[in-house]
Amino acid sequence: MSIENIAGQVAEIYPKALQELIELVAIPSISASSFDQSTLEKSAQWICGKAQKLGLESEVIQIQTADGKVGRPAVLATRQAKAGKPTVLLYAHHDVQPVGELDLWEQSDPFAAVERDGRLFGRGAADDKAGVMLHLAAIEAADPEVGIVLFVEGEEEVGSPTFVEFLETYKERLAADVIVVADSNNWKVGTPSLTTSLRGVVQVGVSVAVLDHALHSGAYSGPTLDAPTIACRLISTLHNECGEVAVAGLLSYDDAQVDYPEADLRKDMGMLDGVELTGTGSLTSRLWTKPTITLIAMDITPTAKASNTLLPKCDFVLSLRVAPGQDPAAAGAALVQHLQENVPFGARIEVAVNECGPGFEAKAETEVTQIAKWALREAWGRDSVDIGVGGSIPFISTLAEVFPQADILVTGVEDPDTRAHSANESLELADWKNAILAEALLLTKLGA
């Protein structure tokens, strides 16, 4: 099938694909355990039905592990390769993040997707239901001769707790020569990308205590500081004067592949006027190949309930992003040691590593990556850019370990204004259509 024919097929099915994406977004498949988990079954069954209509043998699987963990519903759909043709594993996830504060959304219902100015707004419209529909639409447009393994996970947004067990259980059915992960970014709107590196992630829970009970702050302040203030002083030791991570033993390197103008970064981040950037080195290295530490939670009295009290204990959570190539367990140990050695005034401290996920570094360029870049260029009409991503997708390293012979392509449809995990998440529809065409071309070329 020629490029023109495939492009024609994509143009023909695009309106239906967009309507189906809107239908999928309407299913509020939030995987966080405090939300209705039946929505995940509904979402998975919806995807399973669409895959069956494309001729794939499809089922919804909810794995149960030996240690008692129960996975969220996942979709596994397959079609055998024609003789002598490779098999391609297409990954995406159908679970989404909670919507947060509703009054921050410009539409009343985040699950009623709305198109405005060429973008589709809604929770999951980009992350990652656009990836799910990208795969389905590309298969329909190309009808390739390659074998297809469609794996749509249902628990990526909660850390993929049963991912390893799923791979081990269904390893033979998941085996592939090429793996395409549609859960990453493009460099900018109108510029396609392949993600070649991802930072690892470590999450650490910390508890600081100074008293065995609360005290009147007027009567007893002076001889001791309250636990939240102790915690803040400890947190302040994690960065130096220019805002770089000051924990010994963490890998950090400057590996700028593309230039990110400061004005563009400020705009993309929504940084307020006058706020200074932190760190040193190229902006892309600060985003992709240097460690960062973020305070992501702290238990403290809300302002509406303020009282004159010395709080005896303070719990908080840190998220450490680890440079690609560093063992996250070693990085977590370094952070734990730093916290234990720097807690002020002899306060009691308890530290636990709650989560630990590896980063990712792509192989050197192969024939498959060359084909992928050709497909992106044909679809967008311009060369693609190799990028790193500061966020973490730990399961990609797991895929590389389980299927070491496979070429892994990390693609996606997000862009700097997607606002995944935030209010007003959105998808640039022109880029999404191009991504469908690029994947259809990739599948066709691999089958040739």
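These are my notes, in the order I took them.

I worked on a predicted model, where local features need pLDDT of at least 70, side-chain atom pairs count only at pLDDT 80 or more, and totals for chains, interfaces and linings use all residues. Residues are numbered from 1 along each chain as its sequence is written, and side-chain values use heavy atoms, without hydrogens or water.

I looked up the second largest pocket and found a volume of about 460 Å³. Of its 29 lining residues, Thr196, Ser197, Glu361, Ala362 and Lys363 are the closest to its centre. For a pocket I used a 1 Å grid over the protein atoms alone: an open set of points where a 1.4 Å probe fits, with protein on both sides within 12 Å along at least five of seven lines; lining residues have an atom within 4 Å of a point. The volume is the space filled by probe spheres set on the points, joined across faces, edges and corners.

**Cysteines.** I counted zero disulfides, meaning pairs of cysteine sulfur atoms within 2.5 Å. The sulfur of Cys232 has its closest cysteine sulfur in Cys314, 6.9 Å away, too far for a bond. Cys232 is partly exposed at 43% relative accessibility, whereas Cys48 is buried at 5%. Buried is under 20% relative accessible area, exposed over 50%, partly exposed in between (1.4 Å probe, protein chains only).

**Backbone.** I found a cis peptide bond between Asp127 and Asp128, with omega about 5°. Ser160 is not a glycine, yet its phi is positive, near 50°. Ser160 is buried at 12% relative accessibility. Asn424, also not a glycine, has a positive phi of about 60°. Asn424 is buried too, at 8%.
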